[in-house]
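Please read the points below with the model open beside you.

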Amino acid sequence: MTGNTIRIRPILLLGMVMCLLAFVRDIHSEVVDRIVAVVNDDIITLSELNEAMRPYEQKILASGYAPDRERQMLFRVREDILNQLIDQKLTDQEIARYKLNVSDNEIDQAIERIKKTNSLTDEGFRAALEREGVTMEAYRQKMKEQLLRANLLNKEVKSKIVITREDVRKYYDEHPDLYKVSQSYVLETILCRPEPSRADISNAVCRNALETLLPLLRSGKPFSETAPTVQQPGLDLRRIELGEYRLDVMAPEIRDAVSRLKQGEYSEVIETDQGFQIFRITEIRNSQGKTLEEATTEIEDKLYREILDARFNKWLQELRKKSVIKIVQ
């Protein structure tokens with residue numbers, strides 16, 4: 001030692017460096033998992049979020065999106081998943097507050113219903129879980145959580161839903177297209193327009209060709225025989241099967257022409273966005289419809305689901321307002 005200079009032997013210096021590296025490594029291991037959200041007295045960790053997000057992340061990364069688009073999608077999915085985890089924490093806290101529980105027998109029954117719905121034996125069911133990398137114990141725990149949340153939903157939302165006879169009748173009357181007798185038309189068309197490369201051919205040429213063709217078609221001669229009589233270079237002339245349509249979904253000019261026809265009849269030549277066309281009804285189909293009594297159960301189920309979704313979302317929003325939620329960036 002000379003003056004104030006301190007000399008550290010190489011072996012001692014190496015030991016100090018190793019200790020420092022170990023200290024840094026210990027610190028790093030402690031911050032690998034961290035809190036990403038606080039929900040009242042509960043926390044959501046980064047590992048929970050990553051685990052829930054993993055299947056969506058893998059799908060996005062395998063889809064070949066451009067880097068900017070990929071980052072945007074991952075960010076949006078992360079935000080959505082985090083909100084779902086917050087909602088789950090809130091509902092779990094309500095389950096604990098009400099002291100709700102489900103028995104092993106209820107879990108067994110729920111699993112048996114799933115097997116029956118999917119036509120699975122016990123061996124087939126366990127094999128399916130194994131393919132997904134899920135143990136039976138983990139699956140039963142997830143099933144328990146689902147049943148508890150269903151019980152909470154029934155207590156807070158479902159039991160308060162009332163659908164009246166007036167509600168059913170109102171929906172029935174407002175949706176005649178779903179429940180009352182209606183007609184649809186199977187259509188074909190004969191289209192004529194200039195080919196894209198033939199700007200020298202006027203629209204009048206197309207109209208004249210169809211006007212010449214129309215009386216031949218109405219006399220019963222098939223298109224395959226009559227088309228050659230008016231075909232000329234530069235004309236896109238063809239017959240097209242359009243499929244089945246209701247009048248209310250047709251363009252006004254087509255609806256006006258078709259509504260006057262009987263099955264098998266040809267319309268006049270009309271101009272549309274596609275060119276000049278002749279329409280023919282090949283078949284008229286009548287839907288059977290349902291009476292109010294026949295449709296009641298279906299409408300009740302539909303209204304119930306709609307009201308349930310709306311009430312549940314409202315209940316969840318109110319629960320969020322009463323809770324202390326902090327997202328840690």
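**Notes on the model**

1. Lysine 144 is in contact (heavy atoms within 4.5 Å) with Asn101, Val102 and Ile107, leaving aside its neighbours within four places in sequence. Its place is in helix 6, where helices (H or I, at least four residues) and strands (E, at least two) are DSSP runs numbered from the N terminus. Lysine 144 is partly exposed, with a relative accessible area of 28%; buried means under 20%, exposed over 50%, and partly exposed in between, with a 1.4 Å probe and protein chains only. Between lysine 144 and serine 103 the C-alpha to C-alpha distance is 8.5 Å, at a sequence separation of 41 residues.

2. On conventions: this is a predicted model, in which local features need pLDDT of at least 70 and side-chain atom pairs count only at pLDDT 80 or more, while totals for chains, interfaces and linings use all residues. Residues are numbered from 1 along each chain as its sequence is written, and side-chain values use heavy atoms, with hydrogens and water left out.

3. Which residues touch the most other members of the largest nonpolar core? They are Ile44, Leu82 and Met143, in a core of 36 residues. A nonpolar core here is a set of buried Ala, Val, Leu, Ile, Met, Phe, Trp, Tyr and Cys residues joined through side-chain atoms within 4.5 Å. At least two residues of this core come from each of strand 1 (35–39), helix 2 (46–61), helix 3 (67–98), helix 4 (104–117), helix 5 (122–131), helix 6 (136–156) and helix 12 (292–322). Helix 3 gives the largest share, nine residues.

4. Methionine 143 touches Ile107, Ala110, Ile111 and Ile114, with residues up to four places away in sequence not counted. A second, separate core has 18 residues, among them Cys192, Ile201, Leu214 and Ala227.

5. Not counting residues up to four places away in sequence, glutamate 94 touches Leu152, Trp315 and Leu319.

6. Strand 1 pairs with strand 2 (residues 42–45) in the antiparallel sense over four bridges; pairing requires that DSSP finds at least two bridges between two strands. Valine 38 stands opposite isoleucine 43 in strand 2. The two strands form a hairpin with two residues between them, and asparagine 40 in the turn has a positive phi of about 55 degrees.

7. Helix 9 (residues 203–218) has 16 residues and should span 22 Å at 1.5 Å a residue; its end C-alpha atoms are 23 Å apart, which agrees. The expected span is 1.5 Å times one less than the number of residues. Cys206, Ala209, Leu210, Leu213, Leu214 and Leu217 are buried in helix 9. The buried residues of helix 9 pack against strand 3 (183–194), helix 10 (223–226), strand 4 (235–245) and strand 6 (275–286).

8. The chain has 12 helices and seven strands. Its radius of gyration is 35 Å, well over the 20 Å that the globule rule gives for 329 residues, so the chain is more spread out than a compact globule. That radius is taken over C-alpha atoms, and the rule is 2.2 Å times the number of residues to the power 0.38. The C-alpha trace spans about 115 × 70 × 45 Å along its principal axes. Of the 329 residues, 28% count as buried.
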